[in-house]
Number of protein chains: 2
Amino acid sequence: MATIRDVSKIAGVSVATVSRTLSKPDKVSEKTRKLVNDAIKQTNYKPDILARNFRTRKSSTIVVLVPDIANPFFSRVIRGIEQTAQRLGYAVLLGDTQGLREREITYANMVYTSQADGIIQLDCHIPFEDKNDCTSPIVNACDCVRGSNMPTVQLDNVAAAKEMAKHIISLGHTDIGIISGPENSTITNDRLRGFKQSLEEAGLSYNPANRMFGDYSLPSGAMAASDLLSKPIPPTAIMCMNDEMAIGAIRQAKKMGFSVPDDISVTGFDDISFAEFFDPPLTTISQPAEEFGSNAMEMLFDLINNKEPESKNILLPFNLVIRESTGNKK
Amino acid sequence: MATIRDVSKIAGVSVATVSRTLSKPDKVSEKTRKLVNDAIKQTNYKPDILARNFRTRKSSTIVVLVPDIANPFFSRVIRGIEQTAQRLGYAVLLGDTQGLREREITYANMVYTSQADGIIQLDCHIPFEDKNDCTSPIVNACDCVRGSNMPTVQLDNVAAAKEMAKHIISLGHTDIGIISGPENSTITNDRLRGFKQSLEEAGLSYNPANRMFGDYSLPSGAMAASDLLSKPIPPTAIMCMNDEMAIGAIRQAKKMGFSVPDDISVTGFDDISFAEFFDPPLTTISQPAEEFGSNAMEMLFDLINNKEPESKNILLPFNLVIRESTGNKK
DNA sequence: ACAAAAAATGTAATCAATTACATTTTAATT
DNA sequence: AATTAAAATGTAATTGATTACATTTTTTGT
């Protein structure tokens, strides 16, 4: 592998000039520039990024902490991150954490060892051993940490869930089941809050026995639905906190002989690509997944470069998509 | 940030001893080891990985080139890569290439600039400007490059498709549609070959007009199915080259008034998590997606460290999963 | 107690780029 | 032509760890 010194020798100039030709070509005379570029071609020189990163004390790399990369929503967010990162000259290190604190810390430490310049966290944890360590550039996307001052890119989950619940109630449903995410999740709590608000506004009361817990997976949705629908008087609608659990729930409902939406309405959240193609097509909340990623990356870029980001708490718009999994109460 | 020099001063030893305490503790006496470890704790020293990587001339990082990270099958493969990489002490750089040669080359160049030690390629291209450059550690997983000597981790796609076709034929179908991937894909061609073999063995002839092209996406499956089912005499079975296209096809078939599997049988490939939960549950070929990733990573590890891998062409097992999207020809 | 061998530790070069500062060359102004 | 300013280029320090080799200390065997 040719080094900058090889190039400088062949071109008959100093290493500084070679370096400048690459980074600030306008500071180099046309004549030498040509000399250097020819030598670069001749030697097939590629600057050693490792050496450059070491010298400049930055890695041009960021870490993404994601609880599960196989989740279709997260993978879209990551796609958004990756594209923007590439545009801004950053590489993306993948940290699939399975939601494990230990792994999050391992990956977050990469910032301290200068392997990464910043972190995008998609889970609702602070990935540091010491909460006060939260000084490194970090942005929280999707599911934020309540009560921390971490910059965030979020949906207005309260409003979205409220709108969804309103839609369900407007169809005449009064006994509504909930399949929620884990208890410690901020988005879960926000969405529950929105749900309750709509109930209240409609003069309905919240029945905690109608809430089942899932883990955002297909089988967990099926299991929760099974519990809900086995009740002596099952609810006539089920609001799920993501599309996978909704799909699992519908599958289970059909298995148990219920018709969707005739006997029971089911709603999702996220609008993953499968939602539209399911039978029946899923009523859900669509979110601009890629934009979560690109906004988070842009904000992180500002933080890394000590620019004040325009906003430290971005709210992205949602959209209630009414399809055929919801219908009037019979 | 404390450096190794700070630690050495506080511990009253040389930097070499500190370095050794970390990398080869058995070469250091217990007494000094304690001294050094105390100093490390006191200073909260974390070795600068950037400096280490620079000095040792390796990044302990690999790049994964993936055509689309939002594809559920690929994201499982990546999960397998990530887990094994972490176990082996490697970080994973994500290269979402959208199948673009230009991006593949950009990412593959990271090996030349020592940003990465090796490459796992999930698409069927050679990611080098010059094919002879293919000397850096690289492993091809999932969809291999025909006629290159790149090490691979693959499915026996010919056998899998053959088995699937056999199943369809055994149900009495003779007019079978194919929804295939793009023409240049190796897995597409292999699967087509397997399909043809089963036809031949059953004494049936292959009808090129029954083959539609998709791009592995849900809508492309729906469109292809629409073409197939609009024929004066539509096929009674459709074999799709992945689950998404199969789901898209079933959705379209239902929309057009066909019943699956009564009027038409549909099969997928991959056994993504949604396959089981779809209505009807999809007959498909299951693949050990995570193992593609872990095997590829292990092989790459050997290549990077100049160990001869046990095998340079790993074939992974598949499984025909018969569910309810296929049935006897009426 | 001494020599030889083994273990522990230290010194200083090294990796490949960037860049502050010094020096030289060129251009502009009178 | 002389002076000054501006542009171009060069010199050498710097980044933080690793490690070959040199030196010192400890252990072993007699």
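Modeller: Let's start with one pair: B:Arg57 and A:Asp48 join their side chains in a salt bridge, 2.8 Å from N to O. Keep in mind that this is a predicted model, where local features need pLDDT of at least 70, side-chain atom pairs count only at pLDDT 80 or more, and totals for chains, interfaces and linings use all residues. Side-chain values use heavy atoms, with hydrogens and water left out, residues are numbered from 1 along each chain as its sequence is written, and chains are lettered from A and ligands numbered from 1 in the order in which they are written.

Biologist: What makes the meeting of B:Arg57 and A:Asp48 a salt bridge?

Modeller: The rule asks for a side-chain nitrogen of Lys or Arg within 4 Å of a carboxyl oxygen of Asp or Glu. Here an Arg meets an Asp at 2.8 Å, so the pair passes.

Biologist: How many residues make the contact between chain B and chain A?

Modeller: Chain B gives 56 residues and chain A gives 56 residues, with contact meaning heavy atoms within 4.5 Å. About 4,800 Å² is buried between the two chains, and carbon and sulfur atoms give 64% of that. Buried area is the accessible area (1.4 Å probe) that two parts lose on being put together, summed over both. On the chain B side, B:Leu50, B:Phe274 and B:Phe277 lose the most area to chain A, together 17% of what that side buries.

Biologist: Which element gives the most to the side of chain B that touches chain A?

Modeller: That's α5(B), with 8 residues. The residues of this side divide into 26 nonpolar, 15 polar and 15 charged. Nonpolar covers Ala, Val, Leu, Ile, Met, Phe, Trp, Tyr, Cys and Pro, charged covers Asp, Glu, Lys and Arg, and the others, Gly among them, are polar.

Biologist: Why are α5(A) and α6(B) called roughly perpendicular?

Modeller: Helix α5 (residues 72-88) of chain A packs against α6(B) at an angle of about 70 degrees, with their axes 14 Å apart. Axes are lines fitted to C-alpha atoms, for helices over the stretch in contact, and angles run from 0 to 180 degrees between N-to-C directions. Under 35 degrees is roughly parallel, over 145 roughly antiparallel, 65 to 115 roughly perpendicular and the rest oblique. The two helices are therefore roughly perpendicular to each other. A:Glu82, A:Gln83 and A:Gln86 of α5(A) meet B:Arg103, B:Thr106 and B:Tyr107 of α6(B).

Biologist: What angle do α1 and α2 of chain B make?

Modeller: Helix α1 (residues 4-11) and helix α2 (residues 15-23) of chain B pack at about 105 degrees, their axes 8 Å apart. That makes α1(B) roughly perpendicular to α2(B). The contact uses B:Ile4, B:Arg5, B:Val7 and B:Ser8 of α1(B), along with B:Val15, B:Val18 and B:Ser19 of α2(B).

Biologist: Where is A:Pro280?

Modeller: A:Pro280 lies in the loop between α11 (273-277) and β10 (284-286) of chain A. A cis peptide bond joins A:Asp279 to A:Pro280, with omega about 0 degrees. In chain B, the bond from B:Asp279 to B:Pro280 is cis, with omega near 0 degrees.

Conventions: Helices (H or I, at least four residues) and strands (E, at least two) are DSSP runs, numbered from the N terminus.
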